[in-house]
Amino acid sequence: MDPVGEVLARSAAVSISATLIAVAIGIPVGTALALARLPGRRSVAAVVNTGMAVPTVVVGVLVALLLWRSGPLGGLELIYTLRGMVIAQVLIATPLIAGITMAALQALPPDLPDELRGLGANRRQTVVRLWLEARVPLLAAAMAGFGHAVSEVGAATVVGGNIHGQTQVMTTAIVEGVGRGDFTAAIAYAAVLLALAFAINALLTSVQQRGSSWARS
Amino acid sequence: MGAVVSLRDVRHRRGGREVLRIDVLDLAAGERVAVLGPNGAGKTTLLRLLAAIDMPTAGTVLLDGVRTKPGAVALRRRVAYATQRPGLLSTSVSRNVELPLTWRRVPRPQRRVAAAAALRRLGVAHLAQRRAGALSTGEAQRVNLARALALEPALLLLDEPAAALDAESREAFLADVEQALDARTTTVVHVSHRPDEAFRLADRVAVLVEGEIRQLATPEALMRNPTDAIVAGVVGYENLLEAEVGDGGAVAVAGRPTGLHCSVGSGPAMVAAWATGVRLQPPGAQGIPATVEHVSPGPGRWEITLAAPMPLRAHVPLGGPPPRPGQSLVVALDPALAAVLASPRARHRDRRRRLVI
């Protein structure tokens with residue numbers, strides 16, 4: 001197995017990149033689903049909600065089929081690469097972030113968008129203000145997206161292949177350790193993964209609770 | 001400078017139903033108009049069209065001659081719409097008031113001055129650094145109005161701003177609103193379902209019923225000469241009685257003379273009478289025989305329910321002893337506090353009777 005520090009850095013880079021991309025896609029998609037009166041909105045919302053419950057290994061298989069050398073996107077040569085793993089994790093985290101964003105914005109007072117427009121806000125100003133009003137659940141969405149991405153093992157194994165020195169991440173290293181009966185290494189990796197998850201969530205929780213206490217008081 | 005507002009052939013449909021139908025409505029610059037009507041009459045719909053939040057299904061809404069259209073942010077920014085729910089954002093009071101000015105790219109020092117002045121005018125300057133979520137309902141309504149006034153809008157739209165307040169808070173709030181508006185030339189449209197509130201803040205009052213303006217007049221004209229029984233009910237007449245106008249113009253209720261006279265035509269009519277205009281007389285006098293059903297004390301008066309050929313309400317000053325329940329009386333109507341209206345049965349003939357005093 002690769003050294004812990006190397007695997008930790010790889011895990012963090014893949015999952016943080018995937019979370020940032022998923023936030024950039026999921027929040028606007030969730031916002032459109034909550035606010036826009038588009039045809040087919042309910043069907044898309046149902047797809048997003050279903051995406052929240054799809055097993056990560058299924059996502060991994062679908063992404064692997066697309067990225068496989070003979071697959072439709074095989075020319076991009078992303079299978080068994082960190083970029084391929086990021087794509088898989090983006091697909092895992094985005095529905096979760098979009099779904100929570102949609103629910104968070106729908107939980108705001110229904111008249112609020114019109115009230116903001118009545119005070120002269122344009123579309124961009126209205127959306128930004130609604131995000132700020134829903135900042136606590138939106139941060140929860142980002143945390144949930146990161147948690148989902150960093151903890152998944154199915155897609156990382158299928159798309160990344162757990163190649164030592166290239167695509168091995170914390171979760172695949174833990175599975176490999178258990179498979180080889182090397183529980184000491186598996187527990188060590190698990191402890192470090194927990195510490196990473198805790199550190200990032202503690203940071204986001206601190207920002208979230210600062211926002212929450214401001215809104216409450 | 002206040003805006004000139006014009007509506008032409010406006011129709012608005014919602015849920016497959018026409019909820020607003022206004023052929024012509026013109027507001028002069030600086031005019032204050034109250035829109036009075038029951039719940040569901042279309043009052044908020046009208047405000048949303050004026051605020052350019054919704055577009056009419058048909059017809060035009062013009063602000064200083066410019067037609068409202070979707071996405072016309074510059075036009076929308078000439079209007080400030082204070083909704084019934086204060087809709088304050090989860091930030092400080094001062095930031096709430098400054099934010100719409102930020103959207104208009106007003107420089108920070110001017111924003112601060114405008115916000116402070118507006119909060120001071122509404123008596124809530126001391127709350128400037130407080131979180132909006134910590135305000136009482138009354139304080140939030142004042143901040144909501146201050147936020148709208150700070151914009152110095154050409155058209156100010158107020159949607160039942162005092163609806164959630166108790167009687168005491170409402171009185172203080174309306175006094176402050178009156179004072180804040182007095183120094184301005186802003187055109188104001190104020191929606192209410194309370195006649196006292198509408199009359200207090202308005203130069204003219206539009207009575208809106210089932211999406212149509214039934215009457216647009218000064219508060220005094222509305223109180224003295226409601227155009228029909230529905231308007232009379234909306235403006236607060238406590239008694240609406242079916243009546244008959246005789247050949248000589250004498251108005252009778254249940255075949256008994258009322259003391260009222262009507263100048264034109266004979267036939268069925270309606271009498272609208274304020275409870276303060278119902279005179280109680282001893283049996284044998286000329287008028288409508290009635291029996292006292294219920295007596296209760298009100299603010300400075302006795303409030304009396306009478307059983308006559310139709311139910312009647314009378315208010316008499318608290319000074320004397322009240323009549324007893326079961327007591328027989330004769331009721332006469334004070335011509336200065338009653339109006340004779342076209343009967344709904346005769347409305348299609350467009351009859352309009354004027355009271356002769």
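Predicted model: local features only at pLDDT ≥ 70, side-chain atom pairs only at ≥ 80, totals over all residues.
Biologist: How many of the 11 residues of α3(B) are buried?

Modeller: A residue is buried if 20 or more other C-beta atoms lie within 10 Å of its own, exposed if 12 or fewer, and partly exposed in between, with C-beta atoms placed from the backbone. Among the buried residues of α3(B) are V93(B), L99(B) and W103(B). Helix α3(B) spans residues 93-103 and is mostly covered. Its buried count is 9.

Biologist: Which element gives the largest share of the side of chain A that touches chain B?

Modeller: Two residues are in contact if their C-beta atoms, placed from the backbone, lie within 7 Å. The contact takes 18 residues from chain A and 19 residues from chain B. On the side of chain A, α5 (112-118), α6 and α10 (183-216) each give two or more residues. The largest share is 5 residues, and they come from α5(A).

Biologist: How many charged residues are on the side of chain A that touches chain B?

Modeller: Ala, Val, Leu, Ile, Met, Phe, Trp, Tyr, Cys and Pro count as nonpolar, Asp, Glu, Lys and Arg as charged, and the others, Gly among them, as polar. This side has 6 nonpolar and 5 polar residues. Its charged residues number 7.

Biologist: How many helices and strands does chain A have?

Modeller: Read along the sequence, chain A runs α-α-α-α-α-α-α-α-α-α. Its C-alpha atoms fill a box of roughly 65 × 45 × 25 Å along the principal axes. Of its 217 residues, 39% count as buried. The tally for chain A is 10 helices and 0 strands.

Biologist: Why does E77(A) count as exposed?

Modeller: E77(A) sits in the loop between α3 (56-67) and α4 (82-106) of chain A. Its phi is near 55°, positive although the residue is not glycine. E77(A) counts as exposed because its C-beta neighbours inside 10 Å number 12.

Biologist: How many C-beta neighbours inside 10 Å does N162(A) have?

Modeller: N162(A) lies in the loop between α8 (154-160) and α9 (170-179) of chain A. Its phi is also positive, near 50°. N162(A) counts as partly exposed because its neighbour count is 19.

Biologist: What distance separates the centres of domain 1 and domain 2 of chain B?

Modeller: Domain bounds come from an automatic or database domain assignment. In chain B, domain 1 covers 5-224 and domain 2 covers 237-349. Taken over C-alpha atoms, their centres are separated by 38 Å.

Biologist: Which strands are at the edges of the open sheet in chain B?

Modeller: The sheet has 5 strands in the order β13-β12-β11-β14-β20, with antiparallel pairing. Two strands pair if DSSP finds at least two bridges between them. Each edge strand pairs on one side only, and these are β13 (256-261) and β20 (338-342).

Biologist: Which residue of β20(B) is the bridge partner of A269(B)?

Modeller: Strand β14 (residues 267-273) of chain B pairs with β20(B) in the antiparallel sense, over 5 bridges. In β20(B), the partner of A269(B) is A342(B).

Biologist: Which residues touch the most other members of the largest nonpolar core?

Modeller: A nonpolar core is a set of buried Ala, Val, Leu, Ile, Met, Phe, Trp, Tyr and Cys residues joined through C-beta atoms within 7 Å. The largest has 110 residues. V271(B) has contacts beyond four places in sequence that include L241(B), V253(B) and V340(B). The members that touch the most others are L50(B), L157(B) and V271(B).

Methods: Residues numbered from 1 in each chain as written. Chains lettered and ligands numbered in written order. Helix = DSSP H or I, 4+ residues; strand = E, 2+ residues; numbered from the N terminus.
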